[in-house]
Every structure is written in structure tokens, then in C-alpha cells.
Amino acid sequence: MVLKIFFPQCCNRADSGLLVGRWVSGHDSAVVLAVIHYPFIPGQVKQYIQQLQAQSGVELSVLGSWSLPKEGQEGLESFIRDLSTIFPQEPWLQISRQVGKTGFTCEVLGRDQIGKAAQQEEEEDEEKVIFVHYEQMKVMLSQLHPIESQNPDNRSEPPSELRQMFQTVARSELLFFLDRYDDGPLKSTHWQSEGREASIIVELLKRASVPLCVFISWLLSVWTWFCNIRIFSVFPLSFLSSKLSTCVQLNYRTEHLRTLSSPRAAEGHMEFMRKANILVSVLVDVALGVLLMSWLYRDENISTLAHTLVPAADHVARQLEELLQWLMGAPAGLKMNRALDQVLGRFFLYHIHLWISYIHLMAPFIEGILWYGGLSACLGLTFALSLLSDMVALFTFHIYCFYVYGARLYCLKIYGLSSLWRLFRGKKWNVLRQRVDSCSYDLDQLFIGTLLFTVLLFLLPTTALYYLVFTLLRLVVVLFQGVLHLIVDFINSFPLFSVGLWVCRSYRLAEGVKFRVLCDEPGTALHLLMEMNPLRFGSVLQTYRTATYSCYPKDSWGALVRKLFIGELVFPWRHKTTKTD
Amino acid sequence: MGADGAPSQSVPWRKVLWERQPFPDNYVDQRFLEELRRNEGIRQYRYWAVVKEAGFVGQQLSCVAVFITLWLYMEQGLLAPEVLLWTSLSCAMLGYGLHQALTSQAESGCETRTHLADLQSAALFLSFTFGFSPVLKTLTESVSTDTVYAMSAVMLLAHLVSFPYGKPSPPGSLSLNAALFASVCLASRLPGALHTFAMLTCALLVFALWPCLLQRLRENAPCQFTGVCVGVCVGGVGGLASQSLGGAVLFSLALVSVTLLCPLLLIWLQRHKDNIQGPWDEAEIHEDLSNFLH
């Protein structure tokens, strides 16, 4: 049998005393948390330990005794041995260390062995003891991944030994309040004895955060009341607001701020990390937005931008007109039906003419729009980008219209052709059985069907070409919008705080532990040093990524190509609704 | 007779599966294959009967030839579209009258189509074709001539191959559609919309309505049927001859080979026929519903 004792490194040089800690049930190991020094009154120690147990929920107990004999303390050895009678504990550990030597010696006394000599145990296997040294502060602050759910009822098997050890140290924070420099009845040594860490700025922020949270939640409630006014749930407005990415981003950030401004503190590691990530993300967003604003409003950049916008739109329209003229001729030597070509080309040219007039009408207002729109960047870079995406969508609305017309025409044609091709062969689509069956048609059906089939077949190249051209244009616009959304999504979801923690204090995110041998001499117990194995970068991103309404492709490549071939309208990006934990 | 040199025993061999016999498993006796029947359902063809049936195929070939001739005339401007139109309409009337006369001799109560329904169909055809003829005319404008000719040729071939020679009256979908497709392709090459309309009416007549009349003739007046076939063949050859002599020669060669040579080949190859039937064939179920009808 091997007994593992987790021993804090801060207690290596502690004065003699009692070991306080916890036996990990079922695993034959003990976690030492602190050493309580002489002088003490056993009754007070028991009372203290019971009080701590009630408050923290950890099953603390006195594990044994620790002796580091210094000059003038020789009589303590027998005193220590008598202590085992006062604290009835199942195995009683007696750990001692000589100044100058690296190894510890440990004797384990069971309850029935107290008072007997140890040499009666030599016939049986001696209990092997392994000392695992750990750094208490790091283990207390660290979180073991993968994180288990908080609900103890959901766990199917009891947590592993390592997890229990980490939890024990993390939950025993109350033990670490009294240290040996206090004037209380008990003096103990633990990691805080080296010197308690505190920072004035952190304390001030903590004090100031409460009224700030109250204020922000009041603002949010006003905003929510405003958004829920009945007039906004009328059909066109609610539909628009679900499509405009600015509104979506607004809702999303409102949710975040609501999470941040809730008055109760974060329970559990995941909630704390989430709040921290959201806060850092909002701050970085606003900082980037202010940077953008400072560039935009300086040196007349806005008017320059406005003055290049209208000529750019004109240029795009002229290019489109040229394209249509090319299509109305004989593009790439393809066999176009002249009459249909002329009809479609003139129809689209008229649309472009309408759109150009609209742009020229809006020309004087563009600068004002840009100026006020740029103000939205103070809310964050994501808002500016969402606004840009929406404006692009608005300005390329005519391309979207052309695409829809072309796609509908093409889809109708393909559908008619496939149905009439079946008629050509004398077959029919059986809707009930979802298969193609033979069918005997009447003479008039055959006649008209064949005529229509011929007409549709010969008009196919013309329609297909228009459809192809407008689909490509639409896909270019969609791609650009997709890139903007990707950037917004990245800023929204990247867990900057977690990554910063991983860089600076990597022990706080631990994937596991690694052991280093400190002292392995025969005759003494094995001493190992336990160090944290930090989490990999990929796991950090995956675990702490903020859930967003991210856009990702709705269809696989094969399905997308098939939809384009048939002429079904494609909306390549789909918004995922925000997951709620 | 035995296999693997098995000795003939005093116990005779029985063709049963369940009994252990002293013979090897692949033993056969002298009654082997006595139930084999050769060429049971073979028919004896007579040359002239087959030629008469093959005449129908030749007739259909000639129909296609007549149609192509008419198109050639229209394209060269030798035939005015109005002439063709009125001729087609009057032929249609004549054919309809003939069809009704032949029908009333045979079953009179089985046909459910009234004259009104026929008139409706005719009106539908004509109006649809007339309405679409400007569109149809511009369909193959940008397609090259060779492609149009190749497509028409393939489609007419498909029409001939898939024609229901056994029972032409409900027209087969693929054959009729292929013929109409070819006629639309050819008709769109003509100079005017009226030409297209006339051509399509003619195509409808030749490919859709003529086989119905032929079916009636074949049922009710077989001798006249043969005469009509011969007449159509002669007309086809003559029409082609007026346009190109080489084409006519080729066409008559084709006719002769289909009508006269192929039956000869069929009868000559009968001697190599070797069908075997026996008790190993799949069972055919002859439904006898007389038990249920009483």
C-alpha cells in the first residue's frame, strides 16, 4: 500500500506543530493544508477545526504531527507522541525532518497501533509513503480542465484524486486567514504567511464596481423598455430589425452588458471567466472604435470619403451597363436568342437607370449620413463594421433584385424543362410514390408539351447566362459582407482575458500535473514536486470562447452548388441564435 | 448409360431425391432429356405476308420523305404557305370524314369523343400554333444550319425507330414528340411566320393524324390498306426525285431493302432458330378466372 501525502512547500521550514488537512476518501492520500504551532490548547484546536469545517464544507481534521527540531526543543518529541492520544484519528502521521537533510521521515500509526512499538510491523509490508510537494498558492488559484459541472448530482462517478485535492485546497480559503503573525489563539503556517498580497487599485475597483453596476443596469432597463414598445413589433420593423446586423449586434451587446452588470458576484470559475472575457472584449471594442473615430474625424476624412462615394457608385453603374450591353450582343460566341436577350437587357438597364437617379438624389445627404454614422463607432468597432455591412447591403440592393429576378426565371425554366422532358419520353412524376412512372398522354397534351419543350430548350442559354452573371455579382457582395461579419464575430467571441491569463499566469489554467523527483534515496520516502501542466492554446480558445450569433455557412459545398444549378435562391450565411448556458 | 463407370445394378435407378441409391450423384439413365422440346412455338413465316407487314415500315419512311420534300419546296420558295395550309386543311377534312365513315361501320357506341370535342381539339391546335409561330420562328436563328440539320435527322431517326408499328392509333409519346421536335427545328428555318405555321400544321397532319387513319384502314379495309401503302411509297420516291436524283435513288434502295430484303433475311435465318423448352422452365401462371365469375 502506498500512502500519498500532499505537502505544501511553504511548510517545509515551519516550526513543529500539528498538521491540519484532509484525508481524501478512497484513495489513500492526505492533503496537508497548514501547520498549527505550539503553544495551543487542543480543545481550541478542535473547536476551530469544527468551525472551519462548517463554514467551508471541507472535511478538515488533524492529520498528525510535524516536527522540525531546533535547539532547545528536544523534549517536544515525546510530547508529540502523546498528542496522538488526544486527537483520535484513524491513521496518525508523524512526519519529522532534520535541519540540513532533504528527506522527511514519516511514521504512520493506525489506531490500534498507538503505543506499540513499530518493529512489530516488520513482518508485514511496510507502508510506503510518497511525499508530493505542491505550491499552495498556485494550486489554490488553479482550475483543472476539463471543467466538471457544478451540480454534484449530475456526476456519474466520483471525482478523481487530483480533482479532489485541488478542490480541497481551493475551498479552504478560510483556513488561510489566520497566520502566525496574528494575535489570535492559534498560529498557523500556510502560503499566506509569506506575506499577504493585496492591491489598492483592485480594492478600489471592487468598491466602485457596485454603484457602477447599479447604474448600468438602470440604463439597460430603460433601453429594454424602449425597445419593447409596441410600435417596434409591427411586422415590417421587426423583420427589418432581425435582418439588419446593427440591430443584432446591439441586442447582443445589451445581453452582454446585462450579464456584466448583475449585482451578484460570479459563482464558479466558468462564470467568472465569461464575465471577464466579456468585459475585456467590450473595452477592446470601444478602444478600437475610438481609434477609428479619431482617424475618421480628423483632416476632413469624412468629406473626402463622401466625395469619392458618389463617383464610385456611378462607376459601378457604368460597368454594369457595359456588361449588359455585352450580354445583349453575342457574348463569348454563345447562341443567344435575340428577342429574349433584348427584352431582358432593356429591363435590367431600366433598373440601373432608376438606381443611378436615386443615388444622385441622395448625394447631398451622404456626408451628413457618414458623419452621424461614424459616431456609432464610439460604441465599438463592431458597431461601425455592422453599420458598414448594412450600408453595403443597402447600396447593392439592385444587384440583389437582379439576382432574384434572374434566379426565379431560371428556376421556372429548369422546372418546366424537367417536367416537359418527362413528357417527351412519355413518363410522369408520381407524387404519391415519389418516382417517375409511365403515362399515356392525350394527343393535345403531347403536342402542346412538345412545342413548349422546344421553346424552353432553345431559350435556355440566354436565361442561363443572365442568371450566371447576376449570381456571380451577388456572390461577390455576399463574400464581402461575410468578411465583415467574420471580423465582427472574431472581436465578439475571442476570449482575450483567458488568453492573457494563459500567457501571464499559465498555472491558473491547468490541464494536468507533472511530477519531478526531488529526492529518491533508498531508506527514505520518495519526494516528488508537483507542477501544473498548462492548458494548450487550442483548448483555451475552445473552452472559453464566448457564444455568439456567428454567421457560418448554411450549406455544404455540394448542396450550395446544387442549389445554384437548379436556380434556388441561396442565402449562404445563417445566423446562429445565441446559446444560453 | 451411366456416368463414372458405375455398374448397372439390378435395382433400377429412380429420379428421386430422398432415397439413398447405390448410384453416384451425377448418374443419368437412358431417359435423360427425353422431355426436351425444340422450337415449340415457332411460327412459319410466309414471305409475302411478311412483306405486307414490312410495307407499313416502308410507308412510314415514305411519310418522312414526303414531309422533307414539302419542306424543301417551302424553303426554296416554290410552294406558297397559303397553298400548303389550305391543302392540309382540306386533306384533314377528307381524312376526318373517312375516319368517321370507317368507324361507323365497325363499333359505333364505343367511341366517346363527340364531334364537338374534336372541333375543340382542332381549334386548340391551330390557335396555339398560330400564336407561337413568331416565337418558334426565331428559335434557331443563332444556331448554325449544320446543327439544325443534324438535330432534325437524329430526331426523325428516333421517330422511325420508336414508332409503334403494331398499333399506331394511340401515338407513342417518344415518336410523336421526336417528330414534332424535328419539324419545329426545320420549320424555324423558313423565311416567315406563316411558313412556320403551315409547316407545323402539315407536320401535325402527317405524324399525328395520318397514323390514326391508317389504323382504321388496316382494321376495316386491309386490301385498300396495302394499296395506300404502295401509293405513299411511290409518292415519297417521286417527291424526292423531283428535288435530287441521288437522294431518290438512295431512298428507293432503302425502301427495297426494308420491304423486300429484310423479310427474306428473316425467313432465311429461321433455320438457325434453336429454342429448347422443358420442365426446367419457369412456371407460367395461366389465370383462369372462370371459377370466380360464376
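Leaving aside neighbours within four places in sequence, Cys411(A) is in contact with Ile566(A) and Gly567(A) in this predicted model. Cys411(A) belongs to helix α13 of chain A, and with a relative accessible area of 26% this cysteine is partly exposed. Between Cys411(A) and Ile302(A) there are 109 residues of separation in sequence and 44 Å in space, taken from C-alpha to C-alpha. Chain A as a whole contains 17 helices and 15 strands, and 41% of its 581 residues count as buried. Among the contacts in chain A with a separation of 6 or more, 72% are accounted for by residues 24 or more positions apart.

The contact between the two chains was examined next. Chain A contributes 24 residues to the contact and chain B contributes 30 residues, and the area buried between chain A and chain B is about 2300 Å², with carbon and sulfur atoms giving 78% of that area. Of the area that chain A buries against chain B, 29% is supplied by Phe424(A), Phe447(A) and Phe458(A), which is more than any other three residues supply. Between chain A and chain B there are five residue pairs in polar contact, both residues being at pLDDT 80 or more. On the side of chain A that touches chain B, helices α13 (397-425) and α14 each supply at least two residues, and α14(A) gives the most, with 14 residues.

Phe447(A) and Phe125(B) form an edge-to-face pair, with 5.1 Å from centre to centre and 65° between the planes. This pair joins two chains, because Phe447(A) lies in helix α14 (residues 443-493) of chain A whereas Phe125(B) lies in helix α3 (residues 115-137) of chain B. Phe447(A) is buried, at a relative accessible area of 2%, and Phe125(B) is likewise buried, at 9%. A further pair is formed by Phe458(A) and Phe181(B), whose ring centres are 6.4 Å apart and whose planes meet at 20°, so that the pair is stacked. Phe458(A) is placed in helix α14 of chain A and Phe181(B) in helix α5 (residues 173-187) of chain B, and this pair therefore also joins two chains. Phe458(A) counts as buried at 12% relative accessibility, as does Phe181(B) at 2%.

Within chain A, ring pairs link Phe347(A), Phe348(A), Phe402(A), Tyr405(A), Tyr466(A) and Phe470(A) into a cluster. In chain B, Arg218(B) lies over the face of Phe56(B), at 5.0 Å from the ring centre. Also in chain B, Thr201(B) is found in helix α6 (residues 193-220) and counts as buried at 11% relative accessibility. When residues up to four places away in sequence are not counted, Thr201(B) touches Leu85(B) and Leu126(B).

Side chains of opposite charge can pair when their charged atoms come close. The number of salt bridges over all chains is 15. In one of these, Lys4(A) pairs with Glu161(A), the closest N and O atoms being 3.6 Å apart. The pair links distant parts of the chain, since Lys4(A) is in strand β1 (residues 2-8) and Glu161(A) in helix α4 (residues 161-171) of chain A, 157 residues apart. Lys4(A) is partly exposed, with a relative accessible area of 25%, whereas Glu161(A) counts as buried at 16% relative accessibility. The side chains of Glu59(A) and Arg22(A) likewise form a salt bridge, at 3.6 Å from N to O. Glu59(A) is located in the loop between α1 (42-56) and β4 (61-67) of chain A, and Arg22(A) in strand β2 (residues 17-24), 37 residues apart, and the pair links distant parts of the chain. Glu59(A) counts as partly exposed at 46% relative accessibility, while Arg22(A) is buried at 11%.

Between chain A and chain B the count is one salt bridge, in which the side chains of Arg338(A) and Glu141(B) meet at 3.7 Å from N to O. Arg338(A) lies in helix α10 (residues 338-362) of chain A and Glu141(B) in the loop between α3 and α4 (145-162) of chain B, so the pair joins two chains. Arg338(A) is exposed, with a relative accessible area of 53%, and Glu141(B) counts as partly exposed at 41% relative accessibility.

Methods: Residues numbered from 1 in each chain as written. Chains lettered and ligands numbered in written order. Predicted model: local features only at pLDDT ≥ 70, side-chain atom pairs only at ≥ 80, totals over all residues. Heavy atoms only, no water. Phe/Tyr/Trp six-rings, centres within 6.5 Å; stacked < 30°, edge-to-face > 60°. Helix = DSSP H or I, 4+ residues; strand = E, 2+ residues; numbered from the N terminus. Buried < 20%, exposed > 50% of the residue type's maximum accessible area, 1.4 Å probe, protein only. Lys NZ or Arg CZ within 6 Å of the ring centre and 35° of its normal. Contact = heavy atoms within 4.5 Å. Buried area = accessible area lost by both parts, 1.4 Å probe. Salt bridge = Lys/Arg side-chain N within 4 Å of Asp/Glu carboxyl O. Polar contact = N/O pair within 3.5 Å; in protein donor to acceptor, adjacent residues only side chain to side chain.
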